[in-house]
Amino acid sequence: MMRRTMAAAVLAAGAVLGAAAQSNPEAEIAKYREALAAGNPAELWEARGEALWKQKRGPKAASLEACDLGKGAGVVNGAYAELPRYFADADRVMDLETRLVHCMVALQGLRFEDATKRPFGAGTNRSDFESLAAWITAESRGVTMNVALSHPKEREAYQLGEKMFYFRGGPHDFACATCHAENSKRIRLQDLPNLTEKAGAQLAYTTWPAYRVSQGELRTFQWRLNDCYRQQRFPDLKFASDASIALTAFLARNANGATFNAPAIKR
Amino acid sequence: MKPTNLTAVLAGIAAIAAGCASMSDQEASQKALQLMKASFNERGQAKLERLDQDETQKLCSKPPAQELAKEAAARIEKQNLASIRYPADGKLIGDWKSGERIAQNGQGMQFNDDPKRPSGANCYACHQLSKAEISYGTIGPSLYNFGKLRGTSEPIQRYTYGKVYNSQAFTACSNMPRFGHNGILTEQQIKDVTALLLDPDSPVNK
Amino acid sequence: MNHSRRAVLKTGGGAGVLGLLFAAGIARPGEVFAQGAGLNAFAMKSVPEALRALGAQGPAVSAAIQIKAPEIAENGAVVPIGIESNLPGTESITLLIEKNPQPLAASFSIPAGTEPSVSTRVKIGESSDVYALVKADGKFYMAKKEIKITLGGCGG
Amino acid sequence: MADPMRIRAAERDGVVNVKILMSHEMETGQRKDGSGKIVPAHFISKVTATHQGRTVLSAQWGPAVAKNPFLEFNFKGGKKGDRIAITWEDNKGETRTDETTIN
């Protein structure tokens with residue numbers, strides 16, 4: 001099956017080669033992306049993440065298997081498609097990373113500062129969060145996005161996230177909306193999803209985490225927000241911060257109804 | 001669904017959502033700012049002051065479907081027009097080759113950038129300029145043949161320099177950074193970018 | 001795995017190792033070629049030098065070799081490239097990237113029963129011609145394709 | 001220690017398609033780290049694939065192969081249930097072998 005798909009992709013690639021190539025960069029880029037999809041190194045992170053989830057760690061020598069991601073203790077399948085959500089035990093809306101930190105502290109006995117030391121990995125200095133997120137999100141592949149706004153704190157997070165989305169600041173006057181509020185725009189050759197519209201919001205949110213070939217790293221949605229703000233010339237968005245959760249809540253909720261399809265592979 | 005429709009729907013959702021939380025738009029703006037101030041760390045040259053908006057930024061922090069009042073737009077343009085400083089030597093056209101390098105460079109002012117190195121303008125991120133560079137963005141209009149179409153008269157030179165210096169002087173809530181006003185580019189760099197756009201020898205006009 | 005051979009590889013670390021291996025009687029010329037490229041070829045700084053090190057000067061251009069790769073890559077850090085040879089008796093497939101500091105990227109030896117077609121992903125520093133070198137029935141053949149590398153994203 | 005590879009081997013009409021992902025930095029030896037120091041070259045230099053003990057592909061790589069390498073090839077003669085083993089060895093002498101079953 002996989003072989004047939006690959007063969008078809010290669011055939012399709014061969015057919016277009018030479019003909020329309022020069023005049024159609026978009027088609028060539030599409031081919032580039034298709035060829036990459038044949039083998040996604042995100043799988044290497046998924047394997048590490050599953051092992052981490054089950055490994056006994058921390059002062060309490062406990063695994064994360066009893067962690068409640070919102071669908072009951074230890075239920076991973078489909079959990080990511082309903083995050084961020086309100087957790088009564090913390091009286092707070094939490095996204096995946098924040099919830100994982102909560103569990104590392106509560107179950108494994110780690111201190112918050114130690115647990116959050118390395119939100120994003122670089123080379124062999126890997127982030128546990130990126131590996132865990134790779135595996136946990138993979139367990140929601142094919143699941144319909146269903147982020148609730150039933151608790152007042154969920155509604156507040158959504159509303160504040162929306163405000164953040166349009167907030168212009170910094171020396172460049174950039175907001176999220178500068179690049180992500182119109183259809184069919186691109187930066188350099190990269191298509192920019194219109195996050196104010198259902199289709200764009202769905203496509204964007206359901207394809208993170210992703211293996212970023214430009215970095216050779218698996219990156220999470222939280223990383224995506226952090227790095228967008230860096231490029232917006234804002235200060236450094238804190239890992240597992242309330243602003244980060246609010247913006248995630250806004251964008252995740254707008255993706256409701258779409259089928260989750262990550263970890264993906266991107267430029 | 002058209003963006004305007006959806007924004008209306010979203011606004012509707014937000015309104016319903018706000019129902020019991022009963023946060024007015026202004027309250028939400030204030031609360032979001034507090035939230036952001038508590039959720040960002042200063043890093044490198046990016047201080048928390050960057051979250052303090054000027055009036056232009058404040059007025060422009062709104063969904064595109066929410067129309068900006070005519071009077072507000074006029075105020076933004078007037079204020080920003082007044083900020084433009086033209087070069088004392090009266091020369092607005094620099095070196096287009098240097099302008100091309102500035103247009104290609106996307107570095108500068110990020111928390112991981114060296115503040116001692118000059119910033120780029122990253123024009124190609126949003127605009128088509130020369131024919132040779134196929135990797136260009138479309139957030140802004142194509143500027144290919146910018147000078148060829150407009151000529152290089154004194155008013156065109158002043159408009160071009162001024163637009164790069166402070167885009168909001170001509171279009172309120174433009175997406176384009178105010179390169180001179182906010183100190184992203186130096187006077188010489190703006191001259192060079194102006195040359196890239198207007199010089200007949202520049203690849204933009206070939 | 002031959003342990004004594006690995007020990008030599010460890011201490012050698014790249015260029016010049018091939019001569020050492022021959023001298024030590026560990027590698028036979030036939031074996032190295034059967035595995036594709038001579039090790040010192042990887043250190044060469046140009047395509048002609050690399051070809052010489054591989055004993056493959058003046059390979060004939062062949063339409064029976066296909067390079068399957070996008071003409072434009074969004075990022076040079078990962079460029080997918082497949083090479084397929086339709087030459088009978090294909091023994092090895094070698095990939096060279098002209099503008100890379102060391103053009104020789106990878107070499108595959110194809111035993112009988114294995115299809116003369118491999119896919120991998122390489123780094124390409126800037127827009128460049130890439131070459132596929134195929135050894136078939138003892139002779140060398142070559143094909144070429146240009147790959148453009150674009151600048152991406154916000155540039156930061 | 002290096003992480004396991006992900007290997008997929010699928011037989012169809014007598015041809016086995018093998019896809020491999022390896023976890024490796026593939027440092028070129030030309031990149032500088034944050035402090036401006038050259039990061040030493042560290043890359044997989046040799047890959048061998050065997051089917052029931054017989055070599056079905058061997059490769060020599062330089063540092064231009066992309067980080068977290070991907071390799072795909074096809075060979076004849078494998079059956080469902082047969083074992084495929086992949087071994088890589090890098091320029092520092094580290095090595096790793098993983099196996100999978102053809103399906």
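This is a short chat about a predicted model.

User: How are residues and chains labelled, and what pLDDT do local features need?

Analyst: Residues are numbered from 1 along each chain as its sequence is written, while chains are lettered from A and ligands numbered from 1 in the order in which they are written. In this predicted model, local features need pLDDT of at least 70 and side-chain atom pairs count only at pLDDT 80 or more, whereas totals for chains, interfaces and linings use all residues.

User: How many residues of chain D are in contact with chain A?

Analyst: 15 residues of chain D are in contact with eleven residues of chain A (C-beta atoms, placed from the backbone, within 7 Å).

User: Which element gives the largest share of that side of chain D?

Analyst: Strand 1 of chain D does, with four residues. Strands (E, at least two residues) and helices (H or I, at least four) are DSSP runs, numbered from the N terminus.

User: Turning to chain A, how many residues of helix 10 are buried?

Analyst: Eight of the eleven residues in helix 10 (residues 221–231) of chain A are buried, including A:Trp223 and A:Tyr229. A buried residue has 20 or more other C-beta atoms within 10 Å of its own, with C-beta atoms placed from the backbone.

User: What do they pack against?

Analyst: The buried residues of helix 10 of chain A pack against helix 4 (96–106), strand 6 (217–219), strand 7 (236–237) and helix 11 (242–254) of chain A.

User: What follows helix 10 of chain A?

Analyst: A:Arg233 follows, with a positive phi near 70°.

User: And how many helices are in chain B?

Analyst: Chain B has nine helices and one strand.

Note on methods: Two residues are in contact if their C-beta atoms, placed from the backbone, lie within 7 Å. A residue is buried if 20 or more other C-beta atoms lie within 10 Å of its own, exposed if 12 or fewer, and partly exposed in between; C-beta atoms are placed from the backbone.
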